[in-house]
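Hello,

Here is the structure you are taking over. Please open it first, then read my notes below.

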Amino acid sequence: MTGEVLWRPRPDAAETANIGAFARRLSALAGADLTAYPDLWRCSVERPGLFWGAVWEHFGLGGPVPEDRVLASAAMPGAVWFPDERLNYAQAVLAAPGMGEADTAVRGYSDTRDPVEWTLRELRSAVARLRGGLLAAGVGRGDRVAAWMPNAPETYALMLAAASIGAVFSSCAPEFGARAVIDRLKQIEPAVLFVTDGYRYGAKTIRRDREIAQVVDALRPGAVVTFPYLGEGFQAGERWEDFGRDGALAFEPVPFDHPLYILYSSGTTGLPKAIVHGHGGIAVEHAKMLGLHHDLGPGDRFLWYTTTGWMMWNYLASAPLVGAAVVAFDGAPDPEGLWRLAEESGATYFGTSAPFLMACRDRGVVPKEVADLSRLRGIGSTGAPLPPAGFDYVREAVSATAQLQSLSGGTDLCTGFLGGAPTVPVWRGELSCRCLGADVRSFDPSGRDGVGREGELVIASPMPSMPVGLWGDTDRKRYRDTYFDTYPGVWRHGDWITVTERGSAVISGRSDATLNRGGVRMGTAEFYSVVEAVPGVADSLVVHLDDEDRLLVFVATTVPFDAALEAAIRAAIRTELSPRHLPDAITAVPAIPRTVTGKKVEVPVKRLLQGVPVDRAVARGALADPAALDAFLPRG
């Protein structure tokens, strides 16, 4: 943590940014000056009823709600939010404040077909037609609608159509294998399953005929509908173009905690958790993040590179809540092509993953020379901690004026709880601030909060987008055991965090994958930022075998792995980390295993190296490239 400022807010940010108008509103309600971000954050966590009631009203989700009826019970788990209110997420999205009927609501780009652009009127029409089809298929409130479909406007409309009825939506990305899809969707027993005949990833065409047959046979849904993405004639069940029905666009008012959609944990070490999110929690949380933290509004175009299997798709989908348009892309993350897409689409905010930014850096791509990025006001990074070198790269090679927001959160809350804000500086290698309404703290083993030292990342007060529950967990035992087993009444997220005196934070890795060498504890993120900064190292994974006190490093390289490269890695670790963290072995592997959403699988690899059989250590279907595991399996 250097404290080096890489970006400062504009002098007039408090007057021109959305967060400034909101701060003035909350100041009037609180009877105190909350224009400074630390004061605004403090009020948001100390008076959650006042804060979230103001978000609800400010973004037009409903009328005034008394402070004590915003958060009727603050118990965790089991907080009760807005118990007297009714709303519908799809209705809130399609209200699209400040967006005209003829304005672009969604642009879809793809490796598979030509671009698709829908106005708000066309999006509403598509939702109405799909809603009619779902009703004709017998789908009702609480029924599950599942989609094994791409990040395309049609999938977006389908999610909104399901939500309009009060049905529960769930999606898997097309690249998920049959086993991964079955493990997720079989838990929720969908009434209707939508599938994609195939897709193109870069220049490669992938058909899904055999996998679809496997999934349909395992799930046996009430109906199957095929979306002809490739358009090569394959069909299971009803055709997409025949499914819709004419009908009026209408919305079922539902309670605040009524299930909206189901997301899934990675499932690398067991059956994925089916995480249920509610209409109201997602609406107020995403309105807050997109409107206040990302400063999006009418005229903005929001592009985040994601698939329908990652929570960032759900995050992207909420853009019209604040009047911004969605830019969707389905295809390979080309290090130059995505930046050109940002220009072509007119994106004003471009979000991606930290690994993508580092891959662009390692390949020498200079985005500002590849595309005109002058419209970009914000650049988002998530999926993994962005190392300091990544901050330098964005400033030097992408834009010195667009605000870089390194975001940390998760599928569990379907949002970021650490990030940036238009009125907060960007410090090199740090998450700029704790997000409004997110009572993020650093706890020691005794549950004491601390600043300036590493501890467990916890959320000490309820947030509206905490899960409604886990599907099938009728007694809520698994929910309590997952999030509240360590600190009763406090959400433990599973990361190491340091909160600085200035209110920024650093995530140093998963707390279940900690390196503890000779009593010196270190998060894996710190290790990766050093190792992957060594020229020639493209990716890495570190494992500490506690029983043997052996530290093993695995690297995927862009150059031959030889004694000189090994020496360079060891020198970097010794100089920038500590001599105690010099590894017992450094091994080159073809690829580092990652989940389908791009996260390194540290714990499963550790279990493999400890002798746990592969079928118990990791679910191969949860991996982007199952063959990447082969280098970690016992020989013979």
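Phe 194, Phe 227, Tyr 229, Trp 240 and Phe 243 form one aromatic cluster. Rings of Phe, Tyr and Trp (its six-membered ring) count as a pair if their centres lie within 6.5 Å; planes under 30 degrees apart are stacked, over 60 edge-to-face, and the rest tilted. A search of the whole structure finds 26 aromatic pairs.

Before the rest, how to read this. This is a predicted model, in which local features need pLDDT of at least 70 and side-chain atom pairs count only at pLDDT 80 or more, while totals for chains, interfaces and linings use all residues. Residues are numbered from 1 along each chain as its sequence is written, and side-chain values use heavy atoms, with hydrogens and water left out.

Back to the aromatic pairs. The ring centres of Trp 56 and Phe 256 are 6.3 Å apart, with planes at 45°, so this pair is tilted. The pair links distant parts of the chain, 200 residues apart. Trp 56 sits in helix α4 (residues 48-58), and Phe 256 in the loop between β14 (254-255) and β15 (259-264). Helices (H or I, at least four residues) and strands (E, at least two) are DSSP runs, numbered from the N terminus. Trp 56 and Phe 256 are both buried. Buried means under 20% relative accessible area, exposed over 50%, and partly exposed in between (1.4 Å probe, protein chains only).

How do the rings of Trp 304 and Tyr 315 meet? Their centres are 6.3 Å apart and their planes stand at 85°, so the pair is edge-to-face. Trp 304 lies in strand β17 (residues 301-304), and Tyr 315 in helix α13 (residues 311-317). Trp 304 is buried, with a relative accessible area of 1%. Tyr 315 also counts as buried, at 1%.

Now the backbone. Most residues other than glycine have a negative phi, and most peptide bonds are trans. Some places depart from that. The peptide bond from Met 76 to Pro 77 is cis, with omega near -5°. Pro 77 is in the loop between β2 (71-73) and β3 (80-81). Phe 82 has a positive phi, near 45°. Phe 82 lies in the loop between β3 and β4 (86-87). Glu 189 has a positive phi too, near 50°. Glu 189 is in the loop between α9 (178-185) and β9 (192-196).

Which of these is buried or exposed? Phe 82 is buried, at 1% relative accessible area. Glu 189 is exposed, at 58%.

Next, helix α21 (residues 602-609). Its buried residues are Glu 602, Pro 604, Val 605, Lys 606 and Leu 608. Their cover includes β30 (505-510), α19 (524-531), β33 (537-545) and α22 (614-617). Just after α21, Gly 611 takes a positive phi of about 100°.

Last, the whole chain. The protein chain has 22 helices and 35 strands. Its radius of gyration is 24 Å, close to the 26 Å that the globule rule gives for 636 residues, so the chain is as compact as a globular protein of that length. The radius is taken over C-alpha atoms, and the rule is 2.2 Å times the number of residues to the power 0.38. The C-alpha atoms fill a box of roughly 70 × 65 × 55 Å, taken along the principal axes. Buried residues make up 60% of the 636. Of the contacts (heavy atoms within 4.5 Å) with a separation of 6 or more, 69% join residues 24 or more positions apart.

Best wishes
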